[in-house]
Amino acid sequence: MQPQYEPSVVEAEAQAFWADRRAFAVKEDPNRQSYYCLCMFPYPSGRLHMGHVRNYTIGDVITRFLRMQGYNVLQPMGWDAFGLPAENAAMKNGVPPAKWTYENIAYMKRQLQSLGFALDWDRELATCQPEYYRWNQWLFLKMLEKGIAYRKTGVVNWDPIDQTVLANEQVIDGRGWRTGAPVEKREIPMYYLRITDYAQDLLDALNDMPGWPERVRAMQANWIGRSEGVRLSFPYELGGEQRLLSVFTTRADTLMGVTFVAVAAEHPLATYAAQSNPQLAAFIEECKRGTAQEAEIALMEKKGMPTGLFVDHPVSGERVPVWVGNYVLMTYGEGAVMGVPGHDERDFAFALKYNLPIKQVIEVAGAEPAFTDQQWHPWYAEHGTLIHSGKYDGLDYQQAVDAIAADLKAKSLGDKHVQWRLRDWGISRQRYWGCPIPLIHCPKCDVVPVPEEDLPVVLPEGLVPDGSGNPLNKTPSFLDCKCPKCGGPARRETDTMDTFVDSSWYFLRFASAKNDKAMVDERANYWSPVNQYIGGIEHAILHLLYARFWTRVMHDMGLVKVQEPFQNLLTQGMVLNDIYSRRTGEGAIEYFNPADVTVQVDAKGARIGATLNSDGQPVEWEGMRTMSKSKNNGVDPTKLVEQYGADSVRLFMMFKAPPEDTLEWSDDGVEGASRFMRRLWRMVHEHVTAGLVSGAVSGELTDEQRNVRRAAHSTLQKVTDDLGRRRVFNTAIAAVMEFMNTLSKFEDQSPQGRAVRQEALELVVQMLSPIVPHAGHALWRALGHSDPLIDHPWPQPDPAALVRDSIDVVIQVNGKLRSQITVEASATEQQIREAALADSTVQKWIEGKPVRKVIVVKGKLVNVVV
RNA sequence: GCGAAAGUGGCGGAACUGGUAGACGCGCUGGAUUUAGGUUCCAGUGGGUAACCCCGUGAGGGUUCGAGUCCCUCCUUUCGCACCA
């Protein structure tokens with residue numbers, strides 16, 4: 001054994017050993033309990049960032065721990081390889097996206113391997129490979145057959161930078177989720193998947209997913225957004241024709257308080273009115289621009305303009321004016337709302353601003369202050385009893401809704417309705433680097449699906465986009481084809497699929513790797529569902545909801561047995577680092593990497609300032625944020641591995657914070673982890689150089705030997721629980737560190753003492769091995785074992801070692817800690833009570849006061865109440 | 001505004017079931033080794049106090065023999081969603 005810990009040597013050796021044996025390639029084995037541990041696969045952007053390292057280390061610790069516990073563990077890895085950055089890189093460097101992507105994959109794969117993750121590389125896939133995406137196409141055609149996929153022309157979100165349509169879910173604050181560009185509205189034919197057909201099921205199932213964080217379930221439920229109400233229509237006449245203006249409301253009880261109706265700028269009625277009203281047309285244009293651009297700014301300003309049109313109240317028949325409102329969303333409900341200023345805060349403000357009547361129709365008993373049309377009070381929006389509502393007067397909320405819905409239904413002007421916030425998933429993208437949608441446009445036969453036997457429609461890989469739209473449109477070898485129906489000349493569809501399609505089922509493909517006859521096979525049922533899924537919270541809605549939907553579709557087609565793809569979900573926290581900056585002359589800000597900055601501290605170690613190493617001048621600390629290029633606070637994993645070794649990096653990341661919390665990067669912390677590794681190595685080395693002994697401890701032990709053994713086995717108990725049930729790794733590592741502090745004070749060199757130390761070190765190495773597997777591998781061999789540690793069963797605590805003959809009991813007087821006594825482990829409650837009261841310190845505290853009550857918590861504490 | 005989570009030393013965090021607050025690590029202080037720096041090792045490190053002790057988990061109340069943990073009110077921060085009808 002080397003006296004010095006040299007991570008580069010140790011790690012290269014262990015990695016070669018595992019690779020030679022193909023140690024992590026797993027086979028389906030019905031006789032063994034399967035466990036599928038999956039980390040969200042990376043986009044091959046070029047290099048790994050620390051978030052990846054954290055993500056995959058968490059997965060690796062779980063994988064290795066469960067493997068030692070006897071599970072047949074699958075941990076695969078692949079590449080979410082289609083997407084826009086490859087096209088951007090292509091435009092910048094003139095390199096085809098395919099080349100760029102495959103080069104990145106090769107580099108990142110080496111990085112992953114250098115970190116020693118226990119991955120089954122035999123199952124590796126990249127979503128840009130035809131062997132993978134042909135099954136996207138295949139299932140898309142099946143969905144088309146079943147009507148789950150459909151074509152629709154409609155108003156869509158248009159990203160002017162990406163030149164592409166965004167799904168509703170991909171618009172964040174009116175901006176493209178990747179480009180940040182203000183989203184415009186456009187009409188375009190595209191393909192949708194009927195995720196709304198599954199809305200109820202996707203929502204209901206959330207209640208039965210205890211393995212998911214409450215937070216993520218709440219986010220999904222909000223996103224799906226079920227609301228119950230009434231859909232009703234206001235009749236009107238236009239050009240001599242009877243028409244209906246529909247709205248949805250959750251407050252049908254306030255129907256008699258309607259004094260106006262507001263429609264979205266994109267609403268057909270608004271468009272019609274604008275034809276003869278240039279002022280209104282201008283306002284509508286402003287709204288269309290405004291909503292996109294000013295999502296953050298225009299929070300309060302509610303603007304509107306009358307259309308000059310009127311509709312009839314569906315119950316009273318009164319004429320109600322129609323307004324265009326900038327606060328009405330075309331994408332939700334009917335694109336129109338009924339205005340009830342008396343009982344909706346937004347409508348109230350709107351009515352006040354434009355002098356529309358405000359009518360009270362709900363009374364809330366005891367509500368203060370009294371209703372006035374001058375000032376809004378929160379109680380106006382509460383449920384109550386109807387007034388000024390004719391025959392509905394006196395009804396409560398539910399009675400009113402029921403009665404009004406029934407009356408509307410009788411007139412064919414409305415009914416109860418469930419409205420969803422969730423919209424169907426538009427998957428068409430006007431982009432090159434994605435999975436081609438397998439359709440053919442024939443001048444005679446319209447849109448014709450590519451026959452199954454002609455799949456895959458292969459994406460040509462050599463094209464270089466130049467920013468002027470999809471290069472497929474300029475590639476006759478791709479475009480030109482024959483119509484499968486009539487055999488005439490036809491044009492191939494050039495739209496590609498949203499990359500969320502690719503990631504919606506890759507986990508099932510890992511489990512059916514390399515099958516060129518079917519999308520998935522029986523192996524998927526062996527491994528499914530994914531027992532532990534690990535990834536960032538940023539995927540809480542989009543990816544996870546789409547994957548749940550897609551899996552259900554596959555289930556309903558009889559392809560897989562599961563409906564819910566992910567049994568347990570762990571959303572790991574972000575990795576943060578300090579941000580240092582300086583204001584340069586022209587108001588610009590220059591950022592400095594924390595590695596180039598020295599922090600000044602006071603005598604207690606508190607931060608008082610920071611200076612730049614190169615010039616010694618102060619820099620400003622802006623707090624901690626996620627690592628990013630723009631803030632120049634990134635850390636390169638490969639450099640770290642070279643400097644400290646993969647094990648120290650892994651150890652630091654697992655030790656610094658619980659997996660779900662944010663992790664604050666610190667160079668000192670990695671130093672600390674590295675110090676711990678050297679210390680562990682030294683302890684084993686010192687022990688081993690004195691000659692190997694068996695760790696099988698038997699016979700009489702001294703008190704000290706027994707204490708060390710007990711500490712070792714109770715540490716094992718805690719670590720097993722932390723890694724297994726609790727899934728927190730920082731406390732497991734802390735427990736081992738604590739035990740090592742005990743062990744380093746144990747100097748007994750007798751044969752029995754050395755056997756105790758041998759056993760203790762073996763346990764330490766085993767307990768840490770899921771976290772620091774390379775050092776674990778080397779130290780296990782140094783301790784005299786020829787079997788590889790990865791195949792060694794996880795140790796069991798020895799019950800005999802855990803037995804105590806005496807227990808320390810703390811004593812409180814009136815709830816304040818006053819003393820401590822040691823009692824026999826077998827002592828009865830009565831004996832503990834007597835011993836506590838007899839204690840001299842306790843005597844002093846209760847002197848002269850009557851003892852009112854004595855509470856004994858067995859094995860822990862006594863509280864004397866005086 | 002709605003939903004979720006969180007506020008504990010100089011810092012990251014621990015305290016899992018209501019039972020010794022601050023485990024473990026970083027940083028800092030002192031010492032030993034070293035020509036020096038680094039490494040390594042030893043000791044100390046919540047605040048107040050000479051000490052006995054007292055005070056301490058965002059603020060204020062409550063329940064309890066006992067509260068960081070449970071309940072109520074409030075404040076702050078973070079994350080997600082949001083003119084959602």
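**Asn 515**

I began with Asn 515 in this predicted model, and at 15% relative accessibility Asn 515 counts as buried, where buried means under 20% relative accessible area, exposed over 50% and partly exposed in between, with a 1.4 Å probe and protein chains only. I found Asn 515 in the loop between helix H14 (506–510) and helix H15 (522–527); helices (H or I, at least four residues) and strands (E, at least two) are DSSP runs, numbered from the N terminus. I then looked for a polar contact, that is, a pair of N or O atoms within 3.5 Å, where within protein one must be able to donate a hydrogen and the other to accept it, and residues adjacent in sequence count only if both atoms are side-chain atoms. The side chain of Asn 515 reaches the backbone nitrogen of Ala 518 at 3.1 Å. Leaving aside neighbours within four places in sequence, I listed Trp 135, Arg 509, Asp 521 and Arg 523 as in contact with Asn 515, contact meaning heavy atoms within 4.5 Å.

**Ground rules I noted**

I number residues from 1 along each chain as its sequence is written, with chains lettered from A and ligands numbered from 1 in the order in which they are written. Because this is a predicted model, local features need pLDDT of at least 70 and side-chain atom pairs count only at pLDDT 80 or more, while totals for chains, interfaces and linings use all residues, and side-chain values use heavy atoms, with hydrogens and water left out.

**Chain A as a whole**

I noted 26 helices and 37 strands in chain A, and of its 866 residues 54% count as buried. The C-alpha trace of chain A spans about 110 × 85 × 65 Å along its principal axes. Among contacts in chain A between residues at least 6 apart in sequence, 70% join residues at least 24 apart.

Thr 259 is buried, with a relative accessible area of 11%, and its side chain reaches the backbone oxygen of Pro 357 at 2.9 Å. Not counting residues up to four places away in sequence, Thr 259 touches Val 320, Pro 321, Gly 339, Pro 341, Pro 357 and Lys 359.

Leu 244 is found in strand E11 itself and, at 48% relative accessibility, counts as partly exposed. With neighbours within four places in sequence set aside, I have Leu 244 in contact with Ser 233, Phe 234, Pro 235, Tyr 236 and Leu 413. I also noted that the C-alpha atoms of Leu 244 and Pro 314 are separated by 10.0 Å, although the two residues are 70 residues apart along the chain.

I then went through its pairings, counting two strands as paired if DSSP finds at least two bridges between them. E28 runs parallel to strand E33 (residues 663–664), joined by 2 bridges, and here Leu 576 stands opposite Glu 664. With strand E32 (residues 620–626) the pairing is antiparallel over 5 bridges, and Asn 577 stands opposite Arg 625. With strand E29 (residues 589–592) the pairing is antiparallel over 4 bridges, and Arg 582 stands opposite Glu 590. E28 and E29 form a hairpin with 5 residues between them, and Gly 587 in the turn has a positive phi of about 80°.

**An open sheet**

I followed an open sheet of 4 strands, in the order E22-E21-E24-E23 with antiparallel pairing. Strand E22 (446–449) and strand E23 (480–482) stand at the edges, each with a single partner strand, so one side of each is left without a neighbour in the sheet. Strand E21 (residues 439–442) is joined to E22 by 4 bridges, and Cys 442 stands opposite Asp 446 in E22.
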